[in-house]
Amino acid sequence: MRLVIISDIHANLEAFEATLRRIDEIKPDKILCLGDIIGYGPNPNECVKIVKNKVDISLAGNHEYGVLGRTDLQTFSENARIACEWTGDVLSDGSFSYIKGFPIGLVDEDIFLVHSTPINPERWGYILTTRDASHQFLGFSESVCLVGHSHLPVCFEEESGMCELTENNSLCLQKGKRYIINFGSVGQPRDYDPRASFGVIDTEERRVQLIRVTYDIERVQRKIIDNGLPLFLAERLKIGA
Ligand code: ZN
C-alpha cells in the first residue's frame, strides 16, 4: 500500500494545491494528515474543505486545539496566537464542526500517527534531538511513528539515532527496527528550504521518500499581508524558516 503523509498545511492554499498536484501523479492508496491544517496562513476554510474531500484520515494539531479552545493560546508564541485568533474569527461553522472530530492520535496500517509526541501529545512537545526521540519510543509499540509539529524533516531510528531525510535519499525501513519520522510541513517549512514538504511510504517495499514541491510563495505572502496577519508570517515563507 502506498501512503501519502501530509502535515502542517497551515492554511497555505497555494502550497497545498501544488502538493495535491504532485500527489495526483503518485496515485496513493491513502492520504493521511497529521494536523495543523489551519493557523498562520490566510485560507483556513479552503484548506479544511480540501482535507474533508481528499484526505482519508486527519489528526488534530495544536492550532486546531487552540482554535477549539482546548489549548490555552497564552502558551502559543505571539504570532501564532494572533493568527489563531484571526483563524477563529474567519472559520466557518462547517469547518469548526469538522475539525472538532479530529483525534489527537491513532494507529492506521500498523503505523502510530500523532501531531506532536506519542507520550502526552496534548502538551505539544517537539521531537528535535535523539534524546527527545529515545524517550518517545517508549510511547508506542508499532515499528513506525509519524509526527509533524516541528516542520523539520527528520528520521530517528531507535538504536542508531538521527538519520538524514532528504528528497534525494529515499530510506528503506529495516525489519525489526523502529522509527520516528517527520516529513516536514506543507505550508510553512522551517528547514531553510521554502518548498512544500511531504512524504510517501510504500508499506510493501518498506520505502520512505521525502518530496518537495515549489509553489507561488509571493501570492500567499500578499494574502497574509492583505488580511492583516503578522508580517513575519509572510517573510518566513520566503526563507523557509
Ligand atoms: Zn505546525
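Guide: A pocket is an open set with protein on both sides within 12 Å along at least five of seven lines, and lining residues have an atom within 4 Å of a point. Grid points are joined across faces, edges and corners, and a volume is the space filled by probe spheres set on the points. It's a predicted model, where totals for linings use all residues, while local features need pLDDT of at least 70 and side-chain atom pairs 80 or more. Numbering runs from 1 along each chain as its sequence is written, and hydrogens and water are left out of side-chain values.

Visitor: What lines the largest cavity?

Guide: Among others, His10, Asn12, Tyr40, Gln188 and Leu237. Helices α7 (217-226) and α8 (231-239) each give two or more residues to that lining.

Visitor: And which residues line the second largest cavity?

Guide: Its lining includes Ser116, Tyr126, His149 and Asn182.

Visitor: Switching to pockets, how much space is in the largest one?

Guide: About 210 Å³. It has 15 lining residues, with Tyr40, Asn62, Phe76, Tyr126 and His149 nearest its centre.

Definitions and conventions. 1 Å grid on protein atoms, 1.4 Å probe; cavity = no way out; pocket = protein on both sides within 12 Å on 5 of 7 lines; lining within 4 Å. Helix = DSSP H or I, 4+ residues; strand = E, 2+ residues; numbered from the N terminus.
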